[in-house]
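This report goes through a protein structure by topic. Please keep the sequence and the model open while reading.

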Amino acid sequence: MGIGGSDMYRQQILDHYKSPRNYGEIEEPTFTHVGENPMCGDTIEMDVVLNDDEDTIERVAFRGDGCAISQASASMLSERLQGLDVAELQAMDRDDIIDMLGVDISPMRVKCAVLAEKVAQDGLDIYFDELDIDETTTED
């Protein structure tokens with residue numbers, strides 16, 4: 001798998017991979033966005049519901065397919081995002097995701113780990129008319 005770290009964190013990743021949290025769809029989300037990591041074949045589609053003021057994330061659900069790192073990251077992030085200010089989501093970077101996973105990620109696996117974060121951030125930017133793309137990719 002190319003990850004190091006304590007067994008506890010590895011077990012947490014496997015748990016989220018085998019039993020993902022918030023997996024599925026949300027009817028009438030504020031926005032839905034999809035992304036892929038072509039190098040590994042990971043895909044993530046995320047539904048997000050914002051509060052009425054559009055400044056807080058109320059609910060998140062995701063669907064996807066891919067390696068344990070990408071799917072566990074999406075599951076863990078879906079839990080973390082609920083109740084978060086949209087500004088906090090926009091301020092997240094790869095180090096936040098790697099810290100959330102709790103393991104050392106090889107350079108080849110970083111794109112797997114950050115895919116869900118990029119999908120959520122890009123989806124938000126598209127919703128607020130700050131970005132004009134159809135799909136997120138970790139290729140760039």
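Which residues of the largest nonpolar core touch the most other members?

The structure is a predicted model. Its largest nonpolar core holds 35 residues, and those that touch the most other members are Met 46, Ile 57, Ile 69, Leu 81, Ile 97 and Leu 101. Two or more residues each come from the elements β3 (42-50), β4 (57-65), α2, α3 (86-91), α4 (94-101) and α5 (107-127). The most is given by α5, which supplies 9 residues to this core.

## Helix α2

Helix α2 spans residues 68-81, 14 residues in total. From its first C-alpha to its last it reaches 20 Å, close to the 20 Å expected at 1.5 Å a residue.

Is this helix mostly enclosed or mostly open? Of the 14 residues of α2, 12 are buried, so the helix is largely enclosed by the rest of the structure. The buried positions include Ile 69 and Leu 81, both named above among the core residues that touch the most other members. Just after the helix, Gly 83 has a positive phi of about 90 degrees.

## Asp 122 in helix α5

Asp 122 is part of helix α5. Asp 122 has a relative accessible area of 15%, and the cut-off for buried is under 20%, so Asp 122 counts as buried.

Leaving out residues up to four places away in sequence, Asp 122 touches His 33, Leu 131, Ile 133 and Thr 136. With Thr 136 there is a polar contact between the two side chains, at 2.7 Å. Ile 44 is 78 residues from Asp 122 in sequence, and their C-alpha atoms are 12 Å apart.

## Asp 125 in helix α5

Helix α5 also contains Asp 125.

The side chain of Asp 125 does make a polar contact of 2.4 Å with the side chain of Gln 90. Apart from neighbours within four places in sequence, Asp 125 is in contact with Gln 90, Glu 130 and Leu 131. Leu 131 is also listed among the residues that Asp 122 touches.

Methods: Residues are numbered from 1 along each chain as its sequence is written. This is a predicted model: local features need pLDDT of at least 70, side-chain atom pairs count only at pLDDT 80 or more; totals for chains, interfaces and linings use all residues. Side-chain values use heavy atoms; hydrogens and water are left out. Helices (H or I, at least four residues) and strands (E, at least two) are DSSP runs, numbered from the N terminus. The expected span of a helix is 1.5 Å times one less than its number of residues. Buried means under 20% relative accessible area, exposed over 50%, partly exposed in between (1.4 Å probe, protein chains only). A nonpolar core is a set of buried Ala, Val, Leu, Ile, Met, Phe, Trp, Tyr and Cys residues joined through side-chain atoms within 4.5 Å. A polar contact is a pair of N or O atoms within 3.5 Å; within protein, one must be able to donate a hydrogen and the other to accept it, and residues adjacent in sequence count only if both atoms are side-chain atoms. Contact means heavy atoms within 4.5 Å.
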